[in-house]
Amino acid sequence: MKEILIKGQLNKFKSFEEFVKEFQPDKRDLLFTNQFIYDEFAKPLNLQCQVLFQEKFGAGEPSEEMISKIFAAAPEDSYDRVIAAGGGAIMDIGKLLSLKRTGSIHQLFFKEAEVMRAKKLIAIPTTCGTGSEVTNISVAIVKDANGDTTKLGLVSDLLIPQEVCLIPQMLKTLPYKPFASSAIDALIHAVESYLSPARATMTSELYGVKAMELILEGFRRIGEQGPEVRLDYLEEFVTAACYAGIAFLQAGCATVHAMSFPLGGTYHVPHGESNYALFGKVLEKYNERKPEGKMGEFKKTIARILGGTEEEALGRLAELEEKILHLRPLREYGFEEKDIEVFAESVLENQQRLVVNSYVPLTKELIQEIYRECY
Ligand SMILES: NC(=O)c1ccc[n+]([C@@H]2O[C@H](COP(=O)([O-])OP(=O)(O)OC[C@H]3O[C@@H](n4cnc5c(N)ncnc54)[C@H](O)[C@@H]3O)[C@@H](O)[C@H]2O)c1
Ligand SMILES: [Fe+2]
C-alpha cells in the first residue's frame, strides 16, 4: 500500500492579520474571495494585492459560464500566486485560477485540455465543509454530452493547494444555515471515505474517524444548547472538515455525492444540503444489503461516539442531524418524478469516479429506489 499523506503545507493562524504577516501578499498576488469576507477581514489591513469577488460574476456554485468570466477578468500573466479565501466554491475556482490556460473550462472538465499548474495556490477555507483546501478536485456545474446540466469534478493532484491556512476566526461571520450544511458535508466525506470498499487506507480511516468524533461532538453541543455554541467550537469544526478532506483525498467519496450532483446541478440545492437529503437513505440501503463488515464497524464507531447500541446507531445519527438541519424530501427542492429515471442515467454516465466507491454495487435499480424513497 502506498499513500500520499498531505501534499501541501498546513498552517493554522489565529487571525487573517497573522496570515498576512506570514505570507506578505503583494501586487503579483490575486486574492479571490467574497466582498463581505474582504470587508470584514482584509480591508482594514490595506493590502497591496489584486482582489476579485466571486459574486461579481454570478450567484451560487461555480458554473462554466461564471468561471469563464472570472478568467477573462484575471489575465493569466497578471499574477503569480492565488489566495482563495472562502467556501468550497471560492477554493474550487481558485484551483482553476492556478492552472495554465490550456483550453476552455468545458474542455478542462471533459478532459479535452491538459491540466498544468502555473501559479502557487494558497487556500483559506471559511466554511467547515468541503475540505477542498486539501483535495485534488474542483467541482463545477457543466452541460454534459446530452446538454443536461450536472456537476462534474475535475480531478488532478496538480489541483492540491500548496499552502493550506486554517483560520477559525474567519468562520465567525458564517450564518447558521451554510454552517450546518457545510458541517454535514464534512461528516458525509468522513463517512463515505470510511466505507469506501477498495480505496480506504490507514490514514483515511484515522482522519475519517477523528473528523466524525469532532463533528458529532459539535452537533451534540448544538442539539443541547442551540446554534450559538458553534462559535466556541469553530476551530474543531474547521479542523474536522480538513481531516475529512484528507480522508476522502485518499479514499474518495461515493454514492451520496454521485447522486447529489445532478440534484445540485439542476435545482441549485446547496452542496451539503443536497448530500444530506440522500445520506440517511443511502446508509439505510447499505445496511440492508451488507450490515456486517465495514458497516458493522461504522455502527460501532457511531455507537461509541453517540452512546446507545450498534442497532440504534443509524437512528441516533439521523436524530442528531435533524437537530442540526431539517431533512426535506427531494420534491421540496423542485425534484420531479421523471428525474428518478433521468438522474439515475446521469449518475451512471457522469459520476463513475464516485460510483466505483459505493459500499455496495450501485445499480440503476438501486439509484432509482433511493431517489424514489427520498422523493
Ligand atoms: N473540491 C472539493 O474537494 C469539494 C468537495 C465537496 C464540495 N465541493 C464544492 O464546494 C462547494 C460547496 O462549498 P461550501 O459548502 O463551502 O459552500 P459555498 O462555498 O457555496 O458557501 C456557502 C455560502 O456561505 C457563504 N460564506 C462562506 N464563508 C462565509 C463566511 N465566513 N461568512 C459568511 N458567509 C460565508 C458563501 O458566500 C455562500 O453563500 C460546492 O460547489 C461543491 O460542489 C468541493
Ligand atoms: Fe462534499
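Predicted model: local features only at pLDDT ≥ 70, side-chain atom pairs only at ≥ 80, totals over all residues.

Q: Where does ligand 1 sit?
A: Start with the space itself. Here, ligand 1 takes up the largest pocket.

Q: Which residues come nearest to ligand 1?
A: A residue counts as near if one of its heavy atoms lies within 4 Å. There are 27 residues around ligand 1, and Gly-88, Thr-126, Thr-127, Thr-135 and Ile-137 come nearest.

Q: How many residues of each class does the shell around ligand 1 have?
A: The shell has 12 polar, 10 nonpolar and 5 charged residues.

Q: Which parts of the chain supply the shell around ligand 1?
A: Look at elements, then at domains. At least two shell residues come from each of α4 (88-97), β6 (137-143) and α6 (176-195). Domain 1 (9-170) and domain 2 (176-374) each give at least three residues to the shell.

Q: What lies 2.9 Å from an oxygen atom of ligand 1?
A: That is a polar side-chain atom of Lys-151. Backbone atoms take part as well: a polar one of Ile-137 is 2.7 Å from a nitrogen atom of the ligand, and a backbone N or O atom of Met-170 is 2.8 Å from a nitrogen atom of ligand 1.

Q: How much of the accessible area of ligand 1 does the protein cover?
A: On its own, ligand 1 has 860 Å² of accessible area, and the protein covers 86% of that.

Definitions and conventions: Residues numbered from 1 in each chain as written. Chains lettered and ligands numbered in written order. Heavy atoms only, no water. Polar contact = N/O pair within 3.5 Å; in protein donor to acceptor, adjacent residues only side chain to side chain. Areas by Shrake-Rupley, 256 points an atom, 1.4 Å probe, with all protein chains shown as cover. 1 Å grid on protein atoms, 1.4 Å probe; cavity = no way out; pocket = protein on both sides within 12 Å on 5 of 7 lines; lining within 4 Å. Sits in = over half its atoms within 2 Å of the grid points. Helix = DSSP H or I, 4+ residues; strand = E, 2+ residues; numbered from the N terminus. Nonpolar A, V, L, I, M, F, W, Y, C, P; charged D, E, K, R; others polar. Domains from an automatic or database assignment.
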